[in-house]
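Welcome! Please have a look at the structure below, and then we will walk through some of its parts together.

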Amino acid sequence: MKSVSECANYCLNCKLKPCSVKGCPMQTKIPEFIMEVKNENYENAYNILQENNIFSHICSLICPQEEQCEGSCIRGIKSEPTNIGILEKFVNEWAIENKIEYKISKKEQNGKKVAVIGSGPAGLECSLELLKNGFDVDIFEKDDTPGGILIYGIPDFRLSKDKVKNIIDKIKELGGNFITNRALGIDFELDEISKKYDAVFLGIGATKSSNYKLSDEETNSIYDSDNFLRAYRENKYPEDLGNVVVIGGGNVAMDSARVAIRMGAKSVKILYRRDRAHMPAREVELEEAIQDGVEFKELIRVDKANIENGKIISLKCVETEIIDGKAVDKNPIEEFEEDANTVVFAIGLKPDRKLIEENGIELDDWGYIKIDENGKTNLPNVYAGGDDTESKATVCRALAAGKKVAFGIIKNLI
């Protein structure tokens with residue numbers, strides 16, 4: 001493995017900066033911070049990262065750099081890209097070890113007040129930018145702990161929760177007021193909130209699991225990934241998981257499988273209808289799942305669950321093949337059975353369409369909140385961003401959405 005110095009000196013310091021402009025949703029000043037690392041000015045590098053993104057340490061740990069910044073690196077065209085993620089992680093961990101703290105500056109209060117609904121990455125970043133610019137911000141969270149997916153959706157073995165708490169504490173220090181255990185559509189309505197604030201930001205994420213029916217018989221052994229990961233976070237492990245099958249091929253499927261191992265499953269398999277080459281999960285995530293003991297099987301579609309006395313005993317599966325980039329059943333159909341006692345669906349999450357439409361917000365053709373270039377919805381002074389507005393949201397993309405909307409609110413209210 002290359003040393004930090006070798007990684008930094010490998011960077012070409014491109015003038016066009018595709019890693020920043022094209023690759024990074026937050027448009028981090030990547031060549032600039034790497035230049036400081038080259039010169040061993042680590043505190044300067046840390047300040048460059050933090051000035052743009054106080055979630056920098058978190059991003060260095062969970063971002064798909066190979067698709068984003070490193071995926072746009074000029075070096076990567078003919079050779080290996082610069083190890084940007086490694087350098088970003090090094091700088092942030094150096095700052096922790098040396099007790100270096102970034103001081104966030106804040107403007108005078110402007111008399112405007114914004115409600116942020118949802119405290120996931122988009123909501124937290126939007127709140128941060130608004131607070132820095134002199135707004136009062138109330139952050140409504142349906143759970144008892146702020147953080148959204150960073151707390152409930154990403155397991156602690158991938159992201160230590162103290163890093164999330166550190167962000168929340170900084171937002172509180174800036175004056176952010178967290179109001180927990182308050183859910184939109186249950187404890188308050190959008191119309192009611194809109195009358196009390198100058199603007200409202202919706203960062204409620206995608207909360208409805210994508211799945212399909214496996215049997216007409218009732219069973220308690222089928223979970224969606226969201227609830228399964230939450231059960232792990234809350235130490236509410238389901239009993240007698242037995243042989244677990246995770247359906248899906250994304251990073252959430254990898255997390256669900258690794259969590260099942262830690263919950264005491266007898267065996268864990270990931271069944272994916274496409275092949276490894278077409279799998280959306282990061283290669284490193286799959287490798288870590290396999291190292292944990294997860295078995296990965298590709299080109300398999302789970303068709304039905306065989307249930308006896310309310311318990312799954314096996315799954316009826318169909319072999320698939322890739323034709324023109326799509327997974328289709330083999331012809332003639334080849335069926336087989338796979339041992340299973342528990343199934344976890346990890347094939348994606350969608351926004352809560354019913355909740356959104358009941359509040360008078362327009363959706364696009366794909367079921368996401370329709371917004372303009374500033375993140376504004378069809379309702380006066382109601383904005384949205386993150387997983388509730390796009391299907392390809394990552395943590396970094398959600399952060400970028402939150403920042404963009406914050407600047408849109410500032411432009412419209414100041």
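The largest nonpolar core has 63 residues, and Phe33, Phe55, Leu130, Leu150 and Ile409 are those with the most contacts inside it. Helix H16 (residues 395-413) gives this core its largest share, ten residues. Apart from it lies another core, of 25 residues, including Val246 and Ala346. A nonpolar core here is a set of buried Ala, Val, Leu, Ile, Met, Phe, Trp, Tyr and Cys residues joined through side-chain atoms within 4.5 Å; buried means under 20% relative accessible area with a 1.4 Å probe, protein chains only.

This is a predicted model, in which local features need pLDDT of at least 70 and side-chain atom pairs pLDDT 80 or more, while totals for chains, interfaces and linings use all residues. Residues are numbered from 1 along each chain as its sequence is written, and side-chain values use heavy atoms, without hydrogens and water.

Now to helix H12 (residues 225-233), where Phe228, Leu229 and Tyr232 are among the buried residues. Helices are DSSP runs (H or I) of at least four residues and strands (E) of at least two, numbered from the N terminus. The buried residues of H12 pack against these elements:

| Element | Residues |
|---|---|
| Helix H9 | 149-152 |
| Strand E6 | 222-224 |
| Helix H13 | 251-262 |
| Strand E14 | 342-345 |

At the start of H12, a side-chain oxygen of Asp224 comes within 3.1 Å of the backbone nitrogen of Asp226. Just after the helix, Asn235 has a positive phi of about 60 degrees.

Pro238 sits in the loop between H12 and strand E7 (243-247). Pro238 counts as buried because its relative accessibility is 15%.

Conventions:
Buried < 20%, exposed > 50% of the residue type's maximum accessible area, 1.4 Å probe, protein only. Contact = heavy atoms within 4.5 Å. Polar contact = N/O pair within 3.5 Å; in protein donor to acceptor, adjacent residues only side chain to side chain.
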